[in-house]
Amino acid sequence: MCLKNLLTFWLLFSFITCFSQNTKRIISDNNPLVANLRCGSNENPLGVDQQKVYLSWQLTSRLRNVSQSAWQVLVASSLADLNNNKGTAWDSGKQQAEQSIQIEYSGKPLMAAEKYYWKVKVWDNKGNESAWSKPAFWQMGLLKPADWKNAKWIAYDTLSASKKIIPGIHGGGDPKLGPGKSVQPLLRREVQLKKKVKQATMFISGLGHFELNVNGKKAGDHFLDPGWTKYDEQAQYVTFDLTGQLKQGKNVLGVSLGNGFYYTPRERYRKITVAFDYPKLIGRLLIEYSDGTFENIITDESWKTIPGPITFSSIYGGEDYNATHEKKGWDLPGYDDRQWKKAILTSGPSMISAQSQAPIKIFEQFYTKKITQPKPGVWVYDVGQNASAIPWISVNGKRGMTVRLTPAELLNEDGTVNQSAAGQPYYFDYTLKGEGLETWQPQFTYYGFRYIQVEGAVPENQENPKKMPVIAELKSLHMRNAARSTGTFSTSNQLFNKTSALIDWSVRSNMMSVFTDCPHREKLGWLEEVHLMGGSIRYNYDIASLCRKVLKDIIVSQTDDGLIPDIAPEYVQFDDGFRDSPEWGSTGVILPWYLYEWYGDKEVLEESYSMMEKYVSYLSSKAKSNILSHGLGDWFDIGPNAPGEAQLTPKQVTATSIYYYDLVILSKAAAVLNKREDSDKYLRKANEVKAAYNAAFFNRETKQYSTGSQTANAMSVYLGLVDPKDKEAVVDNLVKEIKGRNNALSAGDIGYRYVLRVLEEAGRSDVIFDMNNRSDVPGYGWQLDHGATALTESWQAYGFVSNNHFMLGHLMEWFYSGLAGIQQGKDDIAFKQIVLRPSVVGDVSRASASYQSPYGQISSAWEKIESGFNFNVQIPVNTTATVYVPNPKGKEVKERGMKITGQDDIQFIKQENGCSVYKIGPGTYSFSL
């Protein structure tokens, strides 16, 4: 009996202990987790060259309706101090606030080149406290010229003032200019480090582009560093952590330089001819030794230089590499550089700022899918994807033999490559060193291509009576700006899935250090695409840092009288509307506001405000009776003539409506920055422009704007020029116009986005579906059916224009915001107040998307099933959402199979336009009919 009681007691004790332990675990699991720490918009950035630093983080929780109630940040100048919970640079203390993005650092003054470690903990609205986050860091850059420690610009050679071409010339320029050859030099410096290295940081800029080698290995994995800028005024430098590559004893810093946009040789194709100077270098290596002492190694005349094996390099013409000119071991200690000459001192841009945008990197590799031989001695490799890329070859052959690689988007009828619309001639010549199997890829240029034509070699396993070099392997290396991916999208409609991929490849191919229009013939930063396509791109990629760089380019390129040119950096001054078009220049006003809305970046408004004001003042000076009439208008609209400048919509309509939009945005920006007088002033001016616009273009009887074109009506509605009482009628006219064209688009580059935005906001995604679920012109299906693998410049996929161009990719925004329904609420900042409102249209039976917002992941997935409808959503911590569950028949909506009535974390709002509307907090939800 006693034994039985003892056993019973033991079992009860074990149960209580187990229950207690599990309860503790559950309570622990209820605590929020802090992750994804960011400084600015980047994780663990190097080279932060601003005294104002902003910190952000994301929260996750297994509970619903969790929000942050307080936070604490610790910042220390050593990881040891941080791990001991010592905020030696800043201890914020517990701050009662729900803000988790864009927290301004408020500690001790930040020191140039110093590394700062930080972490954060939070408290939630349910009384739970998080653990400290994992440590993150940022490293400061160089804050003033003195921080370069007397580093000098050095070069192999310099260009005389009489031969500089600034600004550039459109096209080839005067033949008397000559071929414009330039040396692509190597530079080296051997250094003796007498102590153990604790930390080593390199601040370096090489113009036009550079690659840094340390003891024979490349530093980092970047491509085409630094970013393109207006070099007569500004350059960027790149920061590398070299701690793991340097050692006590002898070390070598080796740098190779290429032309980029800094200098364009004239032997081959070039869109523009520009010559800022020959390639040059500046750098500072900061070494902290284990004993706490420091040493600086700078660029000066002690560096040595020689022409490298790259014998030709052009951003527009290609690159040649002669492997017989290689200097074996040139970037290793002990190399005999007595034949090298001393670098010469020169000058460079007065402004050198940190490269804060994500770098360009190599991503996908595309292997050969097919090899053809269109004519004797000519082989064409098809890698299957049109992309911004460089070729990579593995080849075996005799010393001194040359292989020519010619890339292209398209093929001629005879099967050879066709560069006619992409800039020709552009090619790569590789001269073999003849030492067995050798591999090569270009360093300082790229092109947009799918096909690679090979001459001077034969593919492996082919007859080779002339003993030509043999290509063992050939592939394409795609590169783009390394902005992190933020979105996923999928639907039951396979045409839309393929269209999404088509658009995405054009975006990937045109995200460099600027948003280019095409990756081959121009590579220029045409600005209208940034604000028009930005809404699409930001769902797929975190473009905060790249857009900030674009704005800096605009600020530098803005003229004294306020003009913002159509391209930035402005390497060449184009004529007429190609330099001065309000729909392009207004990016300088619209983009700062969009960045504030998308990412909560208030600082960008402060930095851009003066530029915004100057541009609006410039437009005001050009207006007559508040109407603008200059520019390109609705570029590439679909009219009776060949595509080009606007045909269906008067330029006055697009220019003046954008001018009005600028004024409204500037008024809002001024209000955010507490500039009340400015805000009122610009709003009054906006109302004057609105009155003039409606007097000039609105027909009160027909409820049409101007010609009644899709662009005229859509821009008037979206940009806020239509009186509320007339809005429905104008939208109805837009729908009638589209349907009257058999659901066909006629709007061009400027108007297309606004057509989609107006239709979606008016609840007419059914019209968007009808417009785009087609395989004729204008439809994405036509391009796909005709072999396009990236979005083309024309709906017809013409061969005489670019076949990799993201100008017409606005449907991507609708895939996320319309079809999947992930939207921002009215006046929302950074997706704090989310709207989930999917459009169930056409034959689409399911759609899903996710978006990594500043607060965390938002997901939306819906599916029509036989018995009803399922809608699964995810809302990140510290946000709220309004959810529209499609329910046209007013059926009972359940969540996780249970009645919603009585659930504390779901609030029914109303029944509206065939939807049951609910207010929810963070968490995952599963609605069903």
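This report looks at the cores, aromatic pairs and charge-over-ring contacts of a predicted model.

## Ground rules

In this predicted model, local features need pLDDT of at least 70 and side-chain atom pairs count only at pLDDT 80 or more, while totals for chains, interfaces and linings use all residues. Numbering starts from 1 along each chain as its sequence is written, and side-chain values use heavy atoms, leaving out hydrogens and water.

## Nonpolar cores

Let's start inside. A nonpolar core here is a set of buried Ala, Val, Leu, Ile, Met, Phe, Trp, Tyr and Cys residues joined through side-chain atoms within 4.5 Å; buried means under 20% relative accessible area with a 1.4 Å probe, protein chains only. The largest nonpolar core has 177 residues, and Phe515 and Phe927 touch the most other members. Helix 9 (residues 651–672) gives the most to this core, with 13 residues; helices are DSSP runs of H or I, at least four residues, and strands are runs of E, at least two, numbered from the N terminus.

A second, separate core holds 26 residues, including Ile154 and Leu257.

## Aromatic pairs

Rings of Phe, Tyr and Trp (its six-membered ring) pair if their centres lie within 6.5 Å, with planes under 30 degrees apart counted as stacked, over 60 as edge-to-face and the rest as tilted. The count comes to 58 aromatic pairs. Phe261 and Tyr316 are edge-to-face, 5.5 Å centre to centre with 90 degrees between the planes, and both residues are buried.

Trp526 and Phe574 are stacked, at 5.4 Å and 15 degrees. Trp526 lies in the loop between helix 3 (494–509) and helix 4 (528–540) and Phe574 in the loop between helix 5 (544–557) and helix 6 (582–585), so the pair ties together parts 48 residues apart in sequence.

## Charges over rings

A charge sits over a ring if NZ of Lys or CZ of Arg is within 6 Å of the ring centre and within 35 degrees of the ring normal. Lys475 lies over the face of Trp392, at 4.4 Å from the ring centre, and Arg480 lies over the face of Phe363, at 4.1 Å.

Definitions and conventions
Buried means under 20% relative accessible area, exposed over 50%, partly exposed in between (1.4 Å probe, protein chains only).
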